[in-house]
Amino acid sequence: MKEINDISLGRMTNGAHFTFVTNILARAEADSAVMNKAAEEVAAFKAAVDKEDEVLKVSQKSLLTDEIIKADSERDSLYAGYKKAVEGFLAMPIAEMAQAAKILAQHIKDYRINVADQLDKETGMLVNFISDLENKYAQQVTTLALTPFVTKMKEANERVRTLTLQRTNEKMGVTVGALKTARAATDDAYRMLVKKVNAFALVFGDKDYAAFIDYVNIEVTHFKRQAIKQKSTAADTSSGSTTGGSTTGGSTTGGSTTGGSTTGGGSTTGGSTTGGSTTGSDGDDGTEG
């Protein structure tokens, strides 16, 4: 009898987990036999997957991030423009202006602000830097008519501060462990669907469910190998089990014999073993993560 094999969903990364459940959901919705007999389970599975998708998106990126990047770029350009303006005034033939430029140039060197630094570090440095320009070096700034640079630079820096604070508050609004909770709900819904399909295949025969079972087992084998890095034998689409006897967590059940005795689920021909002993590589290792 065909049946859907187990897989340790808890061991997958968030991205791999979402891809797996999305693939299975799409296949279930497209299978008329599954939808006819397990419509309630498919609906519950879909609701859980949709919730996981929603939480996953929120955890990956805030909508404020693009605005922060834009404001950061603007303040970087203004800072660069301010530096060039000060450098240009150093060669002024007017002594008062050249002296003012010299003072401001030294101020720039003292702070050594790097626009490639971590976002919050740059923000803090610019707060103090701009405060100096508005107070301690206000006279020099006025002498060189650089007030518009200082004003716009402050506005851009304050915008970055405000947006990053909003983003932090936004993330605080997301329930701690929301993604873990959503994944757990999806896993429960998936298992209920699997149990329902396996039960119908057992009671009424697997003819109507063979295509769905085969598809899920191929996906299970793929994700065990690629996402979990768990050794797994190829999915047997003819019976839903591994060749030489079905395995569940390493235990062996059955196995055919031809002219010899069976040991460990392998079939024997003339006393030699074909199918070999099983090590439980196709079953879950008991870790749900």
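Student: What is the state of Tyr82 and Phe129, buried or exposed?

Tutor: Tyr82 is buried, and Phe129 is buried as well. Buried means under 20% relative accessible area, exposed over 50%, and partly exposed in between, with a 1.4 Å probe and protein chains only. This is a predicted model, in which local features need pLDDT of at least 70 and side-chain atom pairs count only at pLDDT 80 or more, whereas totals for chains, interfaces and linings use all residues. Residues are numbered from 1 along each chain as its sequence is written, and side-chain values use heavy atoms, with hydrogens and water left out.

Student: How many aromatic pairs does a search of the whole structure find?

Tutor: The search finds eight. Rings of Phe, Tyr and Trp (its six-membered ring) pair if their centres lie within 6.5 Å; planes under 30 degrees apart count as stacked, over 60 as edge-to-face, and the rest as tilted.

Student: Why is the pair of Phe20 and Tyr190 called edge-to-face?

Tutor: The ring centres of Phe20 and Tyr190 are 5.5 Å apart and the planes stand at 70 degrees, so the pair is edge-to-face. Phe20 belongs to helix H1 (residues 14–30) and Tyr190 to helix H9 (residues 178–204), so the pair ties together parts 170 residues apart in sequence. Helices (H or I, at least four residues) and strands (E, at least two) are DSSP runs, numbered from the N terminus.

Student: Why are Phe20 and Tyr190 called buried?

Tutor: Phe20 has a relative accessible area of 0% and is therefore buried; Tyr190, at 4%, is also buried.

Student: What makes the pair of Tyr82 and Phe129 edge-to-face?

Tutor: Their ring centres are 6.0 Å apart and their planes lie at 85 degrees, so this pair is edge-to-face. Tyr82 in helix H4 (residues 65–89) and Phe129 in helix H6 (residues 119–134) are 47 residues apart, and the pair links these distant parts of the chain.

Student: Which residues do ring pairs link into a cluster?

Tutor: The cluster consists of Phe20, Phe45, Tyr190 and Phe223.

Student: How do you know that the charged end of Lys37 sits over the ring of Phe204?

Tutor: The charged end of Lys37 is 6.0 Å from the centre of that ring. A charge sits over a ring if NZ of Lys or CZ of Arg is within 6 Å of the ring centre and within 35 degrees of the ring normal.

Student: Why is Arg112 counted as exposed?

Tutor: Its relative accessibility is 71%, so Arg112 counts as exposed. Arg112 lies in the loop between helix H5 (95–111) and H6, and its phi is near 45 degrees, a positive value in a residue other than glycine.
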